[in-house]
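Student: I would like to go through this model step by step. Can we start now?
Tutor: Let us look at it together.

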Amino acid sequence: MIQQSKSKESFMEKKKVNLPQKDAGRRLADRLEKLGQQKPPKALIEKLNQNDREKVAAQRNSSEDMDI
Amino acid sequence: MQVLRGLDALSRSLDNDAINFGCLADTGFLYALAYKDDRLFETANDIHDLLVAHEVPIYSNVISRMELIDLIFRKQVTIGCIQLFESATSHSFDKPIYNTLKDIRDKNTAAVKKNESFKVDEGRLKKVRKQLADDYGIADWKDFCAKFVDAKLANEWTSIEQDLGLNFIEVMDGQESDLFNQPLRWSEMVALMGQKGLRGPDAMIANLFDKSKLELLITCDSDFENCFADQIPFEMNKTIYIL
């Protein structure tokens, strides 16, 4: 067992092995969750909604024209 | 070779048999560590805790490395699309981009009910990119990416590798390494595909695990059990843990 442990240490030292850190997965999940909670770019939201408003306004105008 | 299921079985195994070289992890396990909506999130993180406690290094091949960052990218784009859909103040079903975003939101809602973590596929990703670029200009697609991926993805990737403790195996065909009992051969991987009916990425994992000194394979895919069980001559100290 001691010999096994020594060979493990020497292998890791030689290879500079990355070891897992405590709670790293849960911390990563929190960070990715926060990253996804951001609002999309304002300009894009405005364009998405603006086009709708323009279309709705245009539809309203044409129906009014037909009524006349 | 032994096949283990359940955290207690893995815990006992790690207590009894020292791991000198490390474990090989598949993409499913690594992804499950990072997303709370994945059904295996808690299980994967409990396993990670065990690996921390026993100082077991986690290895992955370059294909899994690429698959993992691709999954994270597609998940972040999915989340961005849902945010964009929910920012729409009116519902115009005649607008293609609106319908595409709604489709992504609906698919995500259905996946949540099934305890699955939905990510846009390549087809939907291309569709969103094209529709945003066509309707509003490519600059808006880039702004969208800047918000949800871009530099943040690069930063996260650095910490993912360091904090999760990932080590990537990059071995050329026939090259020797301290981690391998025998050199890895492309031809043997291709033979495994044919014999076992495995897709390339899975055959690469199977071949790598077979030839490496790594004692443990952690996977979400129970196909590996069948793949290894019958004819591949495995060393006795090899263990497959299936989440």
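Student: What pattern does chain A follow along the sequence?
Tutor: The model is predicted; local features need pLDDT of at least 70, side-chain atom pairs count only at pLDDT 80 or more, and totals for chains, interfaces and linings use all residues. Residues are numbered from 1 along each chain as its sequence is written, and chains are lettered from A and ligands numbered from 1 in the order in which they are written. Chain A has 3 helices and 0 strands, where helices (H or I, at least four residues) and strands (E, at least two) are DSSP runs, numbered from the N terminus. Read along the sequence, the pattern of chain A is α-α-α.

Student: What percentage of the residues of chain A count as buried?
Tutor: A residue is buried if 20 or more other C-beta atoms lie within 10 Å of its own, exposed if 12 or fewer, and partly exposed in between, with C-beta atoms placed from the backbone. Chain A has 68 residues. The buried part of chain A is 15%.

Student: Is A:Gln21 buried or partly exposed?
Tutor: A:Gln21 sits in the loop between helix 1 (2-15) and helix 2 (24-36) of chain A. There are 15 C-beta neighbours inside 10 Å of A:Gln21, so this residue counts as partly exposed.

Student: Which residues does A:Gln21 touch?
Tutor: Two residues are in contact if their C-beta atoms, placed from the backbone, lie within 7 Å. Residues up to four places away in sequence are not counted here. A:Gln21 then touches B:Val52, B:Asp163 and B:Gly165.

Student: What is phi of A:Asp23 near?
Tutor: A:Asp23 is in the loop between helix 1 and helix 2 of chain A. Most residues other than glycine have a negative phi. A:Asp23 is not a glycine, yet its phi is positive, near 60°.

Student: Is B:Asn115 buried or exposed?
Tutor: B:Asn115 lies in the loop between helix 5 (96-113) and helix 6 (122-136) of chain B. This residue also has a positive phi, about 60°, although it is not a glycine. There are 11 other C-beta atoms within 10 Å of B:Asn115, so it counts as exposed.

Student: Which element of chain B gives the most to the side that touches chain A?
Tutor: The contact takes 42 residues from chain B and 38 residues from chain A. Elements of chain B that give two or more residues include helix 2 (27-34), helix 3 (41-53) and strand 4 (166-169). With 7 residues, the top giver is helix 8 of chain B.

Student: How many residues on the side of chain B that touches chain A are charged?
Tutor: Ala, Val, Leu, Ile, Met, Phe, Trp, Tyr, Cys and Pro count as nonpolar, Asp, Glu, Lys and Arg as charged, and the others, Gly among them, as polar. That side of chain B has 19 nonpolar and 13 polar residues. The charged residues number 10.

Student: How many helices and strands does chain B have, and what part of chain B is buried?
Tutor: Chain B has 11 helices and 6 strands. Of its 243 residues, the buried ones make up 37%.

Student: At what angle do helix 1 and helix 3 of chain B cross?
Tutor: Axes are lines fitted to C-alpha atoms, for helices over the stretch in contact, and angles run from 0 to 180 degrees between N-to-C directions. Angles under 35 degrees count as roughly parallel, over 145 as roughly antiparallel, 65 to 115 as roughly perpendicular and the rest as oblique. Helix 1 and helix 3 of chain B are therefore roughly parallel to each other. Their axes come within 11 Å and cross at roughly 10°.

Student: Which residues of helix 7 of chain B make the contact with helix 4 of chain B?
Tutor: The axes of helix 4 (residues 62-87) and helix 7 (residues 138-148) of chain B come within 10 Å and cross at roughly 115°. These two helices of chain B are therefore roughly perpendicular to each other. Helix 4 of chain B gives B:Gln76, B:Val77, B:Ile79 and B:Gly80 to the contact. Helix 7 of chain B gives B:Phe144, B:Lys147 and B:Phe148.

Student: What distance separates the centres of domain 1 and domain 2 of chain B?
Tutor: The bounds come from an automatic or database domain assignment. The assignment gives domain 1 (2-67 + 165-242) and domain 2 (72-154) of chain B. Taken over C-alpha atoms, their centres are separated by 33 Å.
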